[in-house]
Amino acid sequence: MTDDIPLHRNTPIPAVGVVCFNSAGEVLLIKRAKPPRLGEWSIPGGRVEWGETTPAAALRELREETGVEAELVGLIDVIDGIFTGQTSEQVTRHYILVDYVARYISGAPKAGDDASEARFVPLDTLPAYNLWDPTVRVIEAGRAKLTL
């Protein structure tokens, strides 16, 4: 058996997400500039690169998408992001999302990389951002982890 076998195109893609809170208890959101979920609000995150740990990927994606530096506090959850086509139920993308909670350290949020907007928002305004249900759940779970 060899270690250099290419991945099959239907292999799930490992990815990370970061639920980052500032000292006011606001959560950092980005508006997605690329598929999947183009134009929708979400938490910062993206693909894990070859040879990169998931915590390192989480901090890198946070920095690239928002310019924000943070400290990871812990793992929130691992979620399957399975997306289908608009006209069929055929799976078009499958991400394994490893979501972390983080405390803001520095940097003014500004869109970069795969984001068209980035901002801290109060938790009571989340309904206005029409977030994906699993995203709302990880934000709530992340907040609970910070208050333990």
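Keep in mind that the model on screen is predicted.

Colour Glu 71 by accessibility. Its relative accessible area is 42%.

Now show what surrounds Glu 71. Setting aside neighbours within four places in sequence, the contacts are Val 101, Ala 102, Arg 103 and Ile 105. Next, draw a distance from Glu 71 to Thr 92. The two residues are 21 apart along the chain, and their C-alpha atoms are separated by 33 Å.

Stay on β5 and move to Val 78, which lies in that strand. Val 78 has a relative accessible area of 47%, so it is partly exposed. Together with Val 78 they make a nonpolar surface patch of about 230 Å².

Go next to strand β1, residues 13–21. Is this strand enclosed or open? It is largely enclosed by the rest of the structure, because seven of its nine residues are buried.

Look at the partners of β1. Strand β6, residues 91–106, runs parallel to β1, and nine bridges join the two. Pick Cys 20 and find its bridge partner in β6: Ala 102. Ala 102 is also one of the contacts of Glu 71.

Finish at strand β4, residues 45–47. β4 pairs with β1 in the antiparallel sense, over three bridges. Select Val 16 to see Gly 46 of β4 standing opposite.

Methods:
Residues numbered from 1 in each chain as written. Predicted model: local features only at pLDDT ≥ 70, side-chain atom pairs only at ≥ 80, totals over all residues. Heavy atoms only, no water. Buried < 20%, exposed > 50% of the residue type's maximum accessible area, 1.4 Å probe, protein only. Contact = heavy atoms within 4.5 Å. Helix = DSSP H or I, 4+ residues; strand = E, 2+ residues; numbered from the N terminus. Pairing = 2+ DSSP bridges. Patch = residues over 30% accessible without salt bridge, like charges linked within 9 Å, V, L, I, M, F, W, Y side chains within 5 Å. Areas by Shrake-Rupley, 256 points an atom, 1.4 Å probe, with all protein chains shown as cover. Salt bridge = Lys/Arg side-chain N within 4 Å of Asp/Glu carboxyl O.
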